[in-house]
Amino acid sequence: MTGEVYPASRIKRRRATRDEMATRRRRICEIVEIERPANVRQIYYQTVVQKIIGIEKDEKGYDKTQNLLTDLRRSGVIPYEWIKDEGRRARQPYTVEGIPQALNDTRRNYRKDPWQETFEYVQIWVEKNALIGVLEPVTREYDVPLMSAVGYSSISFLHEAAVHLNSLGCPIFIYQLGDLDPSGTQAAEAIEKDLREFAPEADIHFERIAITEFGLQAALRQTKSKDPRYGWFLERYRDVEILQGGQLSCELDAIRPTDLRNLVRQKIERHLPRARLDMMNARGEQEKRQIGRMLDCYLDELHEPAPITVCSNGGPSNGPWIDEYLAQPAPRRRTWSSFGSDHADALYPASPIKIGSET
């Protein structure tokens, strides 16, 4: 079988020099160290915004960034945990070896609810699973639910979320982050509509965080004209100059991760100021020490009369230790003190697998 023979291309692509490659690696390392944790697409957008030589605003530029980040992590130049991918997770129920480990886990992980004296409720909604790991350090710090909508959310997920909101009986503030394009914008409006419909009794204040506030001109791209919502988007943003009346769009990933986290923190602190969070955390630390003393009492009873020599799980599942603690009995000689020492953690380490733990 014969076929048409094409001549070799006369276009010779210029290969990056060794110095240019070294500069590219160094610049990407600098970006990652400043913006961590971040996902691959966010780092790619920062290489585009900062005009790193050899990284173009196209799929090849994204692939180059992804390959460089893979190489930098495999070679140990940057830690794996600096780049987040929340799309792949292992999920296994939380279990413990016995009562002592469960009590020690409680002591170790205890945290007081900082919102219990605030008559408001806050949620952060984000369009992409990939950004969960980027925003979670802030939402975890302030004990705020982080909801991943993944574009057009399923009706089941929205209904479940709305049922919870409907039962709260206090003002609810939802801050949503998504792409500034036809699909992302209309998905946000659909989320708000369905939440209000499914939670008619809830006092919902819905705010879509605008990404036009950031200097993102370098990351703007042509709006996809084949998107069925293209005409709607043009009408919706016809007066927005930075988007050229809707002709341009922008992905949420284009925002610097540090800016994104700061923006979320700013919205949350409208309702839970940092000073109040610190006060509630201080109270929590006091209560955590109380749990440690309760654990001391239990372990003393569990291992009496002989001092602890070998870790032995099991023993009585109940007993007078709680009543003794509450009654504040006369001091007695303790065989050890678990709180503030390495004994409890050494004998009863944390259960290795938690619900929703990552691989």
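At 14% relative accessibility, tyrosine 62 counts as buried, since that term applies under 20% relative accessible area, with exposed meaning over 50% and partly exposed in between (1.4 Å probe, protein chains only). The model is a predicted one, in which local features need pLDDT of at least 70 and side-chain atom pairs count only at pLDDT 80 or more, while totals for chains, interfaces and linings use all residues. Residues are numbered from 1 along each chain as its sequence is written, and side-chain values use heavy atoms, with hydrogens and water left out.

The structure holds four aromatic pairs; rings of Phe, Tyr and Trp (its six-membered ring) pair if their centres lie within 6.5 Å, and planes under 30 degrees apart count as stacked, over 60 as edge-to-face and the rest as tilted. For tyrosine 44 and tyrosine 45, the ring centres are 5.3 Å apart and the planes stand at 45°, so this pair is tilted. Tyrosine 44 and tyrosine 45 are both buried, and the relative accessible area of tyrosine 44 is 5%. Between tyrosine 44 and tyrosine 62 the centres are 5.6 Å apart and the planes meet at 85°, so the pair is edge-to-face. This pair links distant parts of the chain, with tyrosine 44 in helix H2 and tyrosine 62 in helix H3, 18 residues apart.

Elsewhere, arginine 236 lies over the face of tyrosine 237, at 5.3 Å from the ring centre.

The fold as a whole comprises 12 helices and six strands, where helices (H or I, at least four residues) and strands (E, at least two) are DSSP runs, numbered from the N terminus. Of the 359 residues in the protein, 40% are buried. Among contacts (heavy atoms within 4.5 Å) between residues at least 6 apart in sequence, 77% join residues at least 24 apart. The accessible surface comes to about 20,700 Å², and 51% of it belongs to carbon and sulfur atoms; such areas come from the Shrake-Rupley method with a 1.4 Å probe, and for residues only the protein chains shown count as cover.

In soluble globular proteins, nonpolar side chains tend to be buried together. A nonpolar core is here a set of buried Ala, Val, Leu, Ile, Met, Phe, Trp, Tyr and Cys residues joined through side-chain atoms within 4.5 Å. The largest such core has 54 residues, and those with the most contacts inside it are Ile28, Val32, Ile43, Leu69, Leu177, Leu252 and Ile268. Elements giving two or more residues to this core include helix H1 (18-35), helix H3 (59-74), strand E1 (121-126) and helix H9 (257-268). Helix H2 gives the most, with five residues. Leucine 69 touches Ile28, Val32, Val40, Ile43, Ile78 and Ile83, not counting residues up to four places away in sequence. Another core, of 17 residues, lies apart from the largest one, and among its members are Trp125, Ala161, Cys170 and Leu195.

Helix H4 (residues 99-109) has as its buried residues Pro100, Gln101, Asn104, Asp105 and Arg107. Seen down the axis of H4, these fall within an arc of 160°, so they line one face of the helix; the arc is that of the directions from the helix axis to the C-beta atoms. Arginine 107 and arginine 293 are 186 residues apart along the chain, and their C-alpha atoms are separated by 9.7 Å. Arginine 293 is found in helix H10 (residues 274-303) and is partly exposed, at 41% relative accessibility.

Most residues other than glycine have a negative phi, and most peptide bonds are trans. A cis peptide bond joins arginine 36 and proline 37, with omega about -10°, and proline 37 lies in the loop between H1 and H2. Aspartate 143, although not a glycine, has a positive phi of about 55°; this aspartate 143 is in the loop between H5 and strand E2 (146-148). Glutamine 244 likewise has a positive phi, near 50°, and is found in the loop between helix H8 (230-236) and strand E6 (248-249).

Note on methods. Lys NZ or Arg CZ within 6 Å of the ring centre and 35° of its normal.
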